[in-house]
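Hi,

Here is the structure I promised to pass on.

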Amino acid sequence: MILIKKSQPLHAISQVLYYEKKVNFESNLLFMENILIVGAAGQIGSELTLELRKIYGEEHVYATDIKQAGRDIVEGGPFQILDVMDDKRLIHFVIRHKITQIYHLAAVLSGNAEKIPIQAWHINMESMMNILDLAKEVEDIKRVFWPSSIAVFGPTTPQVDTPRLTIMEPNTVYGISKLAGERWVEYYNRRYKLDIRSIRYPGLISYKTEPGGGTTDYAVEMFYEAVKNGRYECFLNQHTALPMLFMTDAIKATIDLMETESSKLSVKSSYNLGGLSFTPNQLADEIKKHIPAFEITYKPDFRQAIADSWPQSIDDTLSQEDWGYSYVYNLEKMTEIMVTQVQGKFSVPHPKSK
Ligand code: AKB
């Protein structure tokens, strides 16, 4: 059992808990966080919830979504259907469960948002403002995480090693809502002295929960189709380089940012997060090392224009300096894990294990 005194800084406490999986919580000795995850059934939420439960204890991480989550989320701790647009139920939930931190992960992503622009703007902005207002009104809420995206950049932005501060003229509804969101984050932080933290995620690659409605989704789709059918028709052209990151690195980065002492964070809006940069062609070649018969064809659709307006790679120097960001999984390692895990889902033996 680990005994932790209240006087220890939260960051130090969390670090201890992070690496110690079996923790016995002593409520009178540990200042306990109660965490609300909005969007726990989604691509990021389904993995982040499980990691946070390891750190803070299952019963202290409240997973919510408008749709049913996977069994491990529902059975591994509290889960409730909750609509973030319903501000009255939201505030009751937060007060009843004495919530101290919120991760608001729900959003309409880039591809889907282009199909329903006004509705997407409404959902992305109103849900966010509900959370920001909650953080302003409820004293117990000490910290909020809100995800931004590389979509805040646009066609006039320098595309290679894109700096955090640069020309930002997004031309997608999703990008416009993320840039507006970043401005609100900074406004609420400065004006109301809140602690809202944010990362501009690149495309995220994961095998647990598939993404939905994004432009970088092609990469995850390619793995699934390669394993299931041995072929994939890509909706971006073969030379479209985009910033990407394996989910394990993204989850670690998110938790690391949230656990950094606030005095170290010089950015009050959103941090750049770099990592990998590859094209569909490069990913297909890497997959072929594991599935030699894999065939890829290209049929760019409306998402090509979205991808063309985004950076190819990201400069995240400030994230490294302020809160020690780094990533582990390169294209090779990530592909090996993705192929093995997706094959496991469909019970296809890995060629190397035959
Ligand atoms: C999308 O493609 O819309 C997202 C993103 C980069 O924010 N994955």
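Let's start with a pair of strands: E1 (residues 35-38) and E2 run parallel and are joined by four bridges. (Strands count as paired if DSSP finds at least two bridges between them; helices, H or I of at least four residues, and strands, E of at least two, are DSSP runs numbered from the N terminus.) Across this pair, isoleucine 35 stands opposite valine 61 in E2.

Before you go further, note that this is a predicted model, where local features need pLDDT of at least 70, side-chain atom pairs count only at pLDDT 80 or more, and totals for chains, interfaces and linings use all residues. Residues are numbered from 1 along each chain as its sequence is written.

Back to E2. Together with E1 and helix H2 (residues 45-56), E2 makes a right-handed β-α-β unit; right-handed means that, with the strands pointing away from you, the path from the first strand over the helix to the second runs clockwise. E2 also pairs with strand E3 (residues 79-81), again in the parallel sense, over three bridges, and there alanine 63 has phenylalanine 79 as its bridge partner.

Is E2 buried or exposed? Five of its five residues are buried, meaning 20 or more other C-beta atoms, placed from the backbone, lie within 10 Å of their own. Val61, Ala63 and Asp65 are on one side, with Tyr62 and Thr64 on the other.

Strand E6 (residues 196-201) is mostly covered too, with six of its six residues buried. Six bridges join E6 to the parallel strand E5 (residues 143-149), and E5, helix H7 (residues 173-192) and E6 make another right-handed β-α-β unit. Isoleucine 199 in E6 is the bridge partner of proline 147, and of tyrosine 271 in E10.

Finally, the ligand: which residues surround it? They include Ser149, Tyr174, Tyr201 and Thr215, each with its C-beta atom, placed from the backbone, within 6 Å of the ligand. The shell has five nonpolar, six polar and no charged residues, where Ala, Val, Leu, Ile, Met, Phe, Trp, Tyr, Cys and Pro count as nonpolar, Asp, Glu, Lys and Arg as charged, and the others, Gly among them, as polar.

Cheers

Note on methods. A residue is buried if 20 or more other C-beta atoms lie within 10 Å of its own, exposed if 12 or fewer, and partly exposed in between; C-beta atoms are placed from the backbone.
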